[in-house]
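Thanks for making time this morning. I would like to walk you through a few charged pairs in this model, and then turn briefly to one helix.

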Amino acid sequence: MSHHTELLPDPLPAEPLVVASRWLAESWKLRQQPNPNSMVVATVDPDGQPSARVVLCKDIVPQPGYLVFYTNYLSRKGRELSQNPRAAAVMHWDALHRQVRVEGPVVKAPEADSDAYFASRAWQSRLGAWASAQSEPIGSRKELQDAVADAAKRFGTPPLDTEAGDVVVPRPPNWGGFQLWAESVELWVEGEARIHDRARWTRSLTKRSDGSLHAGPWTSTRLQP
Ligand SMILES: Cc1cc2nc3c(=O)[nH]c(=O)nc-3n(C[C@H](O)[C@H](O)[C@H](O)COP(=O)(O)O)c2cc1C
């Protein structure tokens, strides 16, 4: 099979998330999938049962090195992360023959970041965040629509199908961002004749007394595919 994806440089680059961030940007440019920033995030419940789902990666911050996604803090993933604040994430750009894996501790994003991102979303999505107790059962689609209508009444919004500009819907306290801090990163590139190229970067993350994370230097190694 022929494709244009270059293999990982030799020697390996010092900063793996700089490469991941460039790969994401390239995928956005090519637009070969509707959500180039989709990623699978796996969490683990107190019994050790993993669960995985797709979320949107809203930022890759190479320095100090974390990924950002937004969700409902009381959802299944949110509850699992409050009990066991570690996760694994995978991004896969099929058309570019590339995969990124990230593992490490998870912390809540600063409130200001969550406020800013929430405010950037369409007001209908912001209402949805109030109406949906994400991951809880609901009797029918109609009950959900009623909950959205209740939220619309509460915040005095126009009808849902209106193209409205300035509708104020604040961020629910149980909705916001998570930062997945990279303790290990693996980059994978499909190689000619199925001899793929893989490398893993690891570093230590230590908690400061104020709860913030301090990252040590990366070490890297190529892996057999
Ligand atoms: C393309 C795509 C993007 C998604 N993005 C998000 C997201 O950014 N945040 C989110 O909470 N759920 C997102 N979802 C929905 C999740 O996959 C999942 O259904 C939901 O978060 C509930 O998961 P949980 O019950 O494991 O917490 C997305 C789903 C798809 C298919």
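Let me begin with arginine 222, which forms a salt bridge with aspartate 197, the closest N and O atoms being 3.0 Å apart; by salt bridge I mean a side-chain nitrogen of Lys or Arg within 4 Å of a carboxyl oxygen of Asp or Glu. Arginine 222 lies in strand 12 (residues 219–223) and aspartate 197 in strand 9 (residues 197–202), so the pair ties together parts that are 25 residues apart in sequence, where helices (H or I, at least four residues) and strands (E, at least two) are DSSP runs, numbered from the N terminus.

Before going on, please keep in mind that this is a predicted model, in which local features need pLDDT of at least 70 and side-chain atom pairs count only at pLDDT 80 or more, while totals for chains, interfaces and linings use all residues. Residues are numbered from 1 along each chain as its sequence is written, and side-chain values use heavy atoms, with hydrogens and water left out.

A second pair, aspartate 146 and lysine 142, meets in a salt bridge at 2.9 Å, N to O, and both residues lie in helix 5, four residues apart, about one turn of the helix.

Finally, in helix 2 (residues 76–83), Lys77, Gly78, Glu80 and Leu81 are buried, while the face turned away from that buried side carries the exposed residues Ser82 and Gln83.

How values were computed: Buried < 20%, exposed > 50% of the residue type's maximum accessible area, 1.4 Å probe, protein only.
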